[in-house]
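Student: I would like to learn how to read helix packing in a model. Where do we begin?

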Amino acid sequence: MVALVLMGCVAVGAQAGAPGTEAPPAFREAMQTAGDAWATVESLVDSPAYLLNSARGDVLSQVATIRRQTATVRVLFETRALPEALPLVAAWEDALVEFEAEVSRATPDQAAAQEGLAGVRDACVACHRQYRTGDQARGYRIRLSVP
Ligand code: HEC
């Protein structure tokens, strides 16, 4: 109980410190879900276990989870009338589709999968550079107007 209360305080403090606008809860949740799934994807693709069918099955299910989040992200940028963000969303979706196709191959090619992984990572980073502010300590927010 004490721990829960403390965590609440830290979260409130973190939000106050970051510049930008607080993203809607659905958006934050989508990013959190994508981030958790992504951590599993990265560790499996870089592991010798990648050659096992079961590990690639896990990667595909985590990628499916990330792909389910893209609609929420797209909606936010559409409703906030940030049309310049939509190509970043599209590039992210395309990179996920390409990576998924690579992981789905009957004969695994780990180097090719790592390339696909880098493609998705670049798409995450490209949007974060443009539209994410803050950091892990202060919490993250969305940049809705470019200074
Ligand atoms: C089209 C834009 C866009 C793309 C693509 C994108 N993000 Fe984000 N992400 C954001 C924005 C904006 C925020 C800050 C808003 C927030 O966290 O509420 C964010 C925040 C996050 C956070 C922090 C969540 C929190 O508040 O603790 C994580 C983790 C994250 N993204 C992971 C990812 C991963 C992993 C990918 C790629 C698989 C990705 N994102 C792709 C825009 C994007």
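Tutor: This is a predicted model. Two packed helices are described by the angle between their axes and the distance between the axes. Take α2 and α3: they are roughly antiparallel to each other, because an angle over 145 degrees counts as such. The axes of α2 (residues 25-45) and α3 (residues 53-79) cross at roughly 155 degrees and come within 9 Å.

Student: What is the handedness of the crossing where α2 passes α3?

Tutor: Left-handed. On the α2 side, the contact includes Ala 26, Phe 27, Ala 30, Trp 38 and Leu 44. From α3, Asp 58, Val 59, Ile 66, Val 73 and Leu 76 are among the residues taking part.

Student: How do the residues of the contact of α2 with α3 divide into nonpolar, polar and charged?

Tutor: There are 15 nonpolar residues, six polar and one charged.

Student: At what angle do helix α4 and helix α5 pack?

Tutor: The angle is about 165 degrees, and the axes of α4 (residues 86-103) and α5 (residues 110-131) are 9 Å apart. The cut-off of 145 degrees applies again, so α4 and α5 are roughly antiparallel to each other. Their crossing is left-handed.

Student: Which residues in α4 meet which in α5?

Tutor: In α4 they include Leu 88, Trp 92, Glu 98, Phe 99 and Glu 102. Their counterparts in α5 include Ala 112, Gly 116, Leu 117, Gly 119, Cys 124 and Gln 130. By class, the contact of α4 with α5 has 15 nonpolar residues, three polar and two charged.

Notes
Residues are numbered from 1 along each chain as its sequence is written. This is a predicted model: local features need pLDDT of at least 70, side-chain atom pairs count only at pLDDT 80 or more; totals for chains, interfaces and linings use all residues. Axes are lines fitted to C-alpha atoms, for helices over the stretch in contact, and angles run from 0 to 180 degrees between N-to-C directions. Helices (H or I, at least four residues) and strands (E, at least two) are DSSP runs, numbered from the N terminus. Angles under 35 degrees count as roughly parallel, over 145 as roughly antiparallel, 65 to 115 as roughly perpendicular and the rest as oblique. A crossing is left-handed if the near helix is turned anticlockwise from the far one by less than a right angle, and right-handed if clockwise. Two residues are in contact if their C-beta atoms, placed from the backbone, lie within 7 Å. Ala, Val, Leu, Ile, Met, Phe, Trp, Tyr, Cys and Pro count as nonpolar, Asp, Glu, Lys and Arg as charged, and the others, Gly among them, as polar.
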